[in-house]
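Hello,

Here is the structure we talked about.

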Amino acid sequence: MRSYRTLFRTPEFTPFLLSFAAFAAAQTIGGLALGTLVFRATGSPLLSAVSMFGPQLAQLLGAAFLLSGADRLPPRAILSGLALAFAAGTAVLALPGLPVAAVFAVLLAQGLVASLGGGVRSGLLNEILTKDGYVLGRSVFNMLWGLMQVAGFATGGALLTLLAPRTCLLLAAALYVMSALATRLGLTARPPRSSGRPSVSATWRTNGLLWSSHPRRLTYLGLWIPNGLVVGCESLYISYDPGAAGTLFACAALGMFVGDVAVGRLVPPALRPRLAVPLRLLLAAPYLFFVLRPGVTLAAVAVAVASVGFGASLVLQERLMSLTPDDLAGQALGLHFVGMSTLQGVGAALAGTAAQLTSPAAAMTVLAVGSVTVTLTLAALGRHEAQRRGSVSVWG
């Protein structure tokens, strides 16, 4: 599958994409409204930030207990139920007078159930598309997520100038309901990919199985650590230049878009595996330039070029699927997305700490050095593993 026309002619791909678009829009608009509401109520930047990103961090707990459900539950039912659960939780968050402690209890519950979403959604995409269409489909998925983040935050910001945060939360709840309807009406009911009941023991057992393979372990680390450290660099845009942060984020989104299009549409499948290391080096190398504290124009060019390297995730996700049995695809991808979210949070925390002790420019440089070092180390380990097995290394 080498064209977008063929991709969108695939049955169920378009409704699948539309349901995710509504879900992503609800997340961004609702997150911004809730962060604003909590900040107005408490005056605390920390509580405001945690209210926006708390569910993402809570996914780590969900991954430890619930992730086996990604392959052991019917995907259409679980995605519809997930959207409705978020709709109900967001409506509760809009209740007047809700204590801050209750807000975070709802966010914890949302994070726990959200841990299923990435795995179920990615596993279903793997079923809707043929093997040769996964990378192209995933690139469209990534591009849509980026566009919905930009549009959602922009729309949410505009709405908050006109409406109360609680009204915006109710709008987000309505978008979650739309996502549930698009999933229920546009997708076919499919059986679970794997037999057995979801359980904590099944989650741990399968996570252990996925992690036990050395090639899969290297793939997971390649997906998580370089990406997380560079997202830490991005988290410093505001402190680096408050007046230019919007420009830097926009240029980063543009670079990511270009990278996804190039890897998903233009690069021949036979060449893709060889780009895993170069793209991850590209992801970090331009941030080394920040040691010179470049002005807005040069900084914008640097972050745009760097973000093309996020296309490495498509290459490594394809590799992960080639190393994973089909009946474990959902949990394998779910583990990837939870690990990626966690390491991005860790990267942001490391970046903030380093910037507090030095400066944002110095912190960006340090994290970039760390990302390059990890990529080269994983590449060396991958080559050693390939030599031991007598195979051709795809790590560089």
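Leu292 is exposed, at 62% relative accessibility. The cut-offs are under 20% relative accessible area for buried, over 50% for exposed, and partly exposed in between (1.4 Å probe, protein chains only). Leu292 is found in the loop between H13 and H14. Its C-alpha atom is separated by 9.5 Å from that of Thr365, 73 residues apart along the chain.

A word on the basis. This is a predicted model, where local features need pLDDT of at least 70 and side-chain atom pairs count only at pLDDT 80 or more, while totals for chains, interfaces and linings use all residues. Residues are numbered from 1 along each chain as its sequence is written, and side-chain values use heavy atoms, with hydrogens and water left out.

Now the chain as a whole. The secondary structure comes to 17 helices and 0 strands. Both are DSSP runs numbered from the N terminus: helices are H or I with at least four residues, strands are E with at least two. Of the 396 residues, 53% count as buried. Contact here means heavy atoms within 4.5 Å. Among contacts between residues at least 6 apart in sequence, 84% join residues at least 24 apart.

Two backbone points. Arg293 is not a glycine, yet its phi is positive, near 50 degrees. Arg293 lies in the loop between helix H13 (276-284) and helix H14 (296-307), and is partly exposed at 49% relative accessibility. Glu12 also has a positive phi, about 80 degrees, although it is not a glycine. Glu12 sits in the loop between helix H1 (4-9) and helix H2 (13-42). At 14% relative accessibility, Glu12 counts as buried.

Next, Gly255. This residue is in helix H12 (residues 245-266) and is buried, with a relative accessible area of 3%. Leaving out residues up to four places away in sequence, Gly255 touches Ala304, Ser307 and Val308. The C-alpha atoms of Gly255 and Ala304 are separated by 4.4 Å, with the two residues 49 apart along the chain.

On helix packing: helix H15 (residues 312-322) packs with helix H16 (residues 329-357) at an angle of about 145 degrees, and their axes are 10 Å apart. Axes are lines fitted to C-alpha atoms, for helices over the stretch in contact, and angles run from 0 to 180 degrees between N-to-C directions. From H15, the residues Gln317, Leu320 and Met321 meet Ala329, Ala332, Leu333, His336 and Phe337 of H16. By class, this contact has 6 nonpolar, 2 polar and no charged residues. Nonpolar covers Ala, Val, Leu, Ile, Met, Phe, Trp, Tyr, Cys and Pro; charged covers Asp, Glu, Lys and Arg; the others, Gly among them, are polar.

Last, the rings. Phe, Tyr and Trp rings (the six-membered ring for Trp) pair if their centres lie within 6.5 Å; planes under 30 degrees apart are stacked, over 60 edge-to-face, the rest tilted. The count comes to 11 aromatic pairs. Trp211 and Trp224 form a stacked one, 5.9 Å centre to centre with 10 degrees between the planes. That pair links distant parts of the chain: Trp211 is in helix H9 (residues 200-212) and Trp224 in helix H10 (residues 214-234), 13 residues apart. Trp211 is partly exposed, at 32%, whereas Trp224 is buried, at 11%. Phe16, Phe20 and Phe141 form one aromatic cluster.

Best wishes
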